[in-house]
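This report describes one protein chain for a reader who is new to structural description. Please keep the sequence and the model in view while reading.

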Amino acid sequence: MDPYTAAAPPTDEWEMEIDAIESPPPPPLLKEPPKIRRLDESVVNRIAAGEVIQRPVSAIKELVENSLDANSTSINVVVKDGGLKLIQVSDDGHGIRYEDLPILCERHTTSKLSTFEDLQSIKSMGFRGEALASMTYVAHVTVTTITKGQLHGYRVSYRDGIMENEPKACAAVKGTQIMVENLFYNMAARRKTLQNSADDYTKIVDLLSRFSIHHTNLSFSCRKHGAARADVHTVATSSSLDAIRSVYGVSVARNLMKVEASDDDPSSSIFEMNGFISNASYSAKKITMVLYINDRLVECSALKRAIEVVYAATLPKASKPFIYMTIMLPPEHVDVNVHPTKREVSLLNQEIIVGKIQSAVESKLRKSNETRTFQEQTMELLSSSPLVTRKDSHSSPSLPVSTGSRSQKVPVQKMVRTDSSDPAGRLHSYLDAKPLGEQESRNSLTAVRSSVRQRRNNPTEAADLTSIQLLIREIDSNSHCGLLDIVRDCTYVGMADDVYALLQHNTRLYLANVVNLSKELMYQQVLRRFAHFNGIQLSDPTPLQELIILALREEDLDPDSNENDDLKKKIAEMNTDLLKQKAEMLDECFCIHIDQDGNLGRLPVILDQYTPDMDRVPEFVLCLGNDVDWEEEKSCFQAVSAALGNFYAMHPPLLPNPSGDGLQFYQKSKPAGNPSDRESEHNSITHGFSFKSMNFEGNDKEMGDDIDEELLSEAKSAWAQREWSIQHVLFPAMRLFLKPPASMATNGTFVQVASLEKLYKIFERC
Ligand code: ADP
Ligand code: MG
């Protein structure tokens with residue numbers, strides 16, 4: 001069939017416009033480039049409107065913020081059909097002047113900003129003058145308003161930025177009421193997706209709840225059209241805690257602790273943070289984080305993640321925190337103009353501020369947790385067979401939950417599932433990570449007493465705990481104070497190469513070997529979480545024997561030769577048998593599950609939000625089989641932990657780094673596995689070309705065509721994922737948990753590269 005007649009002609013007006021904008025590229029022979037045209041203003045406005053008003057809740061956020069800017073004391077929201085049919089926001093604010101009504105809904109008309117410089121000190125929520133205009137391009141907007149001293153108000157409707165009729169006098173109560181009807185009536189696709197999603201009203205209630213716990217001197221309500229009862233209803237109170245109690249419930253308010261932090265040092269950061277965070281008794285499946293920066297309701301993913309890391313390390317997995325936090329900074333330190341819906345802001349010295357807040361949250365949580373943890377440990381040690389209890393819970397059916405956060409992209413073939421059915425014991429890992437103090441010495445005394453008592457009943461299990469405690473004590477006593485300071489307080493700058501990260505501590509810059517650091521951190525965490533791991537369920541249980549043969553092949557100089565295959569098989573069989581014998585211990589202590597047929601089915605979660613590089617499983621299994629002394633308990637535990645540490649360490653991915661020289665590896669015609677052979681690669685590029693044409697014309701194009709895109713994109717995602725993990729998992733966890741051994745001071749793990757004072761001196765001389 002002729003492809004040009006097959007396509008149905010566009011029918012509706014919008015489609016035609018789109019069609020005109022995105023007309024297909026001309027055939028390659030056509031010399032003339034396509035003509036550039038100025039878009040019709042209504043198209044521009046509608047495109048922009050779709051960005052500012054993404055869904056009903058974004059319209060409501062804008063409207064409520066306008067009401068806040070108008071100094072209202074009461075804001076009421078009514079919603080019909082999730083906001084698609086009707087949104088109505090009424091306030092008792094200062095109203096809108098009669099003479100401003102004609103331009104009220106034009107784009108870029110605002111009463112809040114006149115020069116760009118005003119942005120530096122802007123206190124109002126709005127400033128872009130876009131929200132109302134946008135709404136008129138995607139819905140029907142009617143405004144009723146009255147200003148102080150007027151006998152009557154005015155009502156007027158808008159479409160596409162302009163008034164549809166002259167304002168009509170009408171009776172009105174103090175303030176402004178804005179009605180938005182038939183949202184997205186002219187954007188069929190958006191309307192359809194939204195109609196199918198049931199949770200818009202939930203999002204709206206959530207938004208109003210967030211507003212009401214911060215603006216406690218106002219009263220808010222939100223209800224469905226026609227409903228007698230409001231779903232959010234707050235009256236002005238004097239405290240946020242009261243507001244939280246009335247909005248989120250008594251059980252949330254009861255479990256909150258006050259948290260504060262501040263800094264007033266112009267050379268690092270200036271801020272003041274106040275808020276409430278949930279304690280260890282609070283339990284929820286999802287994090288609730290209500291964040292206000294300079295009184296703006298915003299999101300800050302870096303801060304959210306930093307707090308999540310602290311909770312994940314201290315609380316049972318199923319429990320996520322509730323956070324209400326306000327941060328005040330000098331207005332000139334906040335850039336409010338970084339997001340069309342003003343959802344995010346950018347802060348000066350963000351990383352320092354996030355770090356300080358993270359420490360404040362952590363220390364509060366630790367303090368609040370001490371008594372609880374203490375009891376937890378005593379109980380566990382006294383129970384006669386703690387490991388057996390754990391075993392039961394492991395064999396219970398598990399909920400498949402992804403370990404990675406959404407931003408972590410794991411290739412499909414490496415997708416794994418996590419066992420979150422057994423959250424208990426996370427407190428235990430926290431206990432072990434605690435610094436030495438009075439509490440700890442009391443704890444260890446109880447521990448010793450109870451373990452002695454326990455040993456009488458059950459010698460082996462009590463001994464298990466002792467050897468783990470000894471290993472942890474070795475880590476503590478071997479820790480290097482200077483390095484500990486650096487690790488606790490450093491700022492991650494970026495990766496300097498494939499292995500070294502650049503970090504700043506006070507005025508010094510260091511290169512730190514992330515492979516060594518992550519290996520040590522993983523090792524220490526294995527010991528701290530000993531017998532209390534969550535699991536990563538492998539999607540396909542893999543036969544150990546195959547894994548071992550794979551690993552032995554990789555060790556060979558010539559991986560393709562079949563030489564010694566029988567020998568390899570024999571080694572693999574023996575090792576598999578050995579590991580099958582040790583399966584029970586590996587499962588109970590390390591959450592490494594090997595089934596009766598010798599398949600590997602589960603691995604432990606060592607750091608939350610992190611799954612190891614599955615390409616390294618064969619090496620790990622071989623190492624378990626070969627390097628562990630199973631006879632002596634302490635060294636056995638140490639060796640298994642070290643093997644896990646090595647496996648989970650953040651090694652460079654096996655595929656070469658595609659940025660820079662590594663790119664040549666991805667050229668198809670080049671023999672793989674020989675990435676450094678530039679000669680052969682050049683030959684392949686020049687094949688069929690004269691040398692000259694390669695150098696001056698053919699080079700780029702041919703390179704592009706010859707690249708194995710699939711492999712390249714796998715490599716890119718592996719490297720990007722690793723860098724993400726280094727910044728967002730390794731460094732935050734390191735600050736909290738790593739006790740760097742003294743050897744790291746001399747073995748090249750940390751190298752000081754510059755002191756900023758000296759650098760400044762050098763620059764001064766220039
Ligand atoms: P912005 O808030 O960025 O100024 P908007 O399009 O949201 O832009 O609003 C345009 C203008 O309309 C505001 O600057 C304000 O003067 C006025 N306005 C909007 N809503 C209200 C309201 N509820 N009460 C009083 N004035 C309002
Ligand atoms: Mg506004």
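**Basis of the description**

The model is predicted: local features need pLDDT of at least 70 and side-chain atom pairs count only at pLDDT 80 or more, whereas totals for chains, interfaces and linings use all residues. Residues are numbered from 1 along each chain as its sequence is written, chains are lettered from A and ligands numbered from 1 in the order in which they are written, and side-chain values use heavy atoms, with hydrogens and water left out.

**The chain as a whole**

The chain contains 26 helices and 25 strands. Helices (H or I, at least four residues) and strands (E, at least two) are DSSP runs, numbered from the N terminus. Of its 766 residues, 49% count as buried; the term buried means under 20% relative accessible area, with exposed over 50% and partly exposed in between, for a 1.4 Å probe and protein chains only. Among contacts (heavy atoms within 4.5 Å) between residues at least 6 apart in sequence, 71% join residues at least 24 apart.

Strands of a sheet pair through backbone hydrogen bonds, either parallel or antiparallel. Here, two strands are said to pair if DSSP finds at least two bridges between them. Strand 21 (residues 508–513) and strand 25 run antiparallel and are joined by five bridges; Leu 509 stands opposite Ala 754 in strand 25.

Axes are lines fitted to C-alpha atoms, for helices over the stretch in contact, and angles run from 0 to 180 degrees between N-to-C directions.

**Strand 24 and its partners**

Is strand 24 (residues 599–604) mostly covered or mostly uncovered? Six of its six residues are buried. Strand 24 pairs in the antiparallel sense with strand 22 (residues 535–543) over five bridges, and Gly 535 has Pro 604 as its bridge partner.

The axes of helix 4 (residues 56–69) and helix 5 (residues 131–138) come within 10 Å and cross at roughly 140°. Ala 59, Glu 62, Leu 63 and Asn 66 in helix 4 meet Ala 131, Leu 132 and Met 135 in helix 5.

**Aromatic rings**

Rings of Phe, Tyr and Trp (its six-membered ring) pair if their centres lie within 6.5 Å; planes under 30 degrees apart count as stacked, over 60 as edge-to-face and the rest as tilted. By this rule there are 11 aromatic pairs. Two of them are set out here.

| Pair | Distance between centres | Angle between planes | Class |
|---|---|---|---|
| Tyr 492 and Phe 731 | 4.9 Å | 50° | tilted |
| Phe 620 and Phe 647 | 4.8 Å | 25° | stacked |

Tyr 492 lies in strand 19 (residues 491–495) and Phe 731 in helix 25 (residues 709–737), so this pair ties together parts that are 239 residues apart in sequence. Both Tyr 492 and Phe 731 are buried. The other pair links Phe 620 in helix 21 (residues 617–627) to Phe 647 in helix 22 (residues 633–648), 27 residues apart. Phe 620 counts as buried because its relative accessibility is 3%. Ring pairs also link Tyr 248, Tyr 282 and Phe 322 into a cluster.

Cys 636 is found in helix 22 and is buried, with a relative accessible area of 4%. Leaving aside neighbours within four places in sequence, Cys 636 is in contact with Met 585, Val 628, Asp 629 and Trp 630. Glu 362 belongs to helix 11 (residues 350–382). With a relative accessible area of 17%, Glu 362 is buried; not counting residues up to four places away in sequence, Glu 362 touches Val 310 and Leu 736.
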